[in-house]
Amino acid sequence: MTAKNILITGATSGIGHSLFKHYSRKGDNVIACGRNQQKLDEIASQAHLTGQFDMTIPSEIETFSKSVESLDILVLNAGNCRYIDDAKNFDGALFADVIETNLISLGWLLQFFLPKVRKGGQVVFVSSSATLMPFQRSEAYGASKSGIDYLANSLRLDLIKEKIDVTLIHPGFIKTPLTDKNDFPMPFLLTSEQAALNIAKAIDKRKEYAHFPKRLTMLLKFFSIMPNWIWRKMIIKG
Ligand SMILES: NC(=O)c1ccc[n+]([C@@H]2O[C@H](COP(=O)([O-])OP(=O)(O)OC[C@H]3O[C@@H](n4cnc5c(N)ncnc54)[C@H](OP(=O)(O)O)[C@@H]3O)[C@@H](O)[C@H]2O)c1
């Protein structure tokens, strides 16, 4: 099998790093992106290329994009999670930061990298199963990821004529530095290696949509079709 050119954002940590290891072990040409130069230096020998840029700064993405040629797979994985701790005193700056990092940046990444995705290629969006239901304190994170869902599902329609497939991923709880900060129970927690295998399988099968672990996501899908008060009663404390 010929090696594929795969660009992964957020390859310096967590899910993106496990995806990076998966594809570089397979012999693909992986373009590993992130902000942390030290981490990028550590993985550079296994990477085809490393890209150090802040994806909220379009000029940084544009500069790096000039060194990227044709892509088979563009994995838009990088993101952040911050919570709204006091909804009544809503933190607009925090909200803007999360939306900018998780959603607005994707517009810039698509502007500079989508033209490089070849006919027959794929674009992969790592969203979250958080979009299946509303959760407390998740106003910013949930809104950003719901925006990604719409973006991916809409883009899929417009890329049919370009013969580029779009895959939308809804992971449940995955153990990474992002979730290590969480102070609440995370049922059915998976490792980032397990998450990467699930994502790679969905990419291989050119799935439009994948969600895991099913024992969590199916439960959320079930609750999402029940009357709202049932879910509210279960999750609101005090
Ligand atoms: N962990 C979970 O339970 C879970 C569940 C559902 C969805 N997700 C989604 O999965 C994705 C990866 O999450 P993770 O858990 O693997 O998190 P993580 O370990 O914290 O990794 C986040 C990655 O995103 C990069 N990143 C963040 N902000 C960036 C920016 N402004 N510019 C460039 N790169 C940036 C980081 O790069 P540097 O460190 O180099 O700055 C890092 O490589 C996120 O989109 C997250 O929302 C995670």
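Biologist: In which sense do S1 and S4 pair, and over how many bridges?

Modeller: S1 and S4 pair in the parallel sense over 3 bridges; two strands pair if DSSP finds at least two bridges between them. Strands (E, at least two residues) and helices (H or I, at least four) are DSSP runs, numbered from the N terminus. Within this pairing, Ile 6 has Ile 73 in S4 as its bridge partner. The model is predicted, so local features need pLDDT of at least 70 and side-chain atom pairs pLDDT 80 or more, while totals for chains, interfaces and linings use all residues. Residues are numbered from 1 along each chain as its sequence is written, and side-chain values use heavy atoms, without hydrogens and water.

Biologist: To which strand do 4 bridges join S1?

Modeller: They join S1 (residues 5-8) to S2 (residues 29-34), and the two run parallel. Leu 7 has Ile 31 in S2 as its bridge partner. From S1 the chain passes through H1 to S2 in a right-handed β-α-β crossover, that is, clockwise with the strands pointing away from the viewer.

Biologist: What volume does the second largest pocket have?

Modeller: A pocket is an open set of points on a 1 Å grid where a 1.4 Å probe fits, with protein on both sides within 12 Å along at least five of seven lines. The volume, the space filled by probe spheres set on the points, is about 220 Å³ here. Of its 18 lining residues, Met 1, Lys 4, Lys 26, Asp 28 and Asp 204 are the closest to the centre; lining residues have an atom within 4 Å of a point. S5 gives the largest share of the lining, 4 residues.
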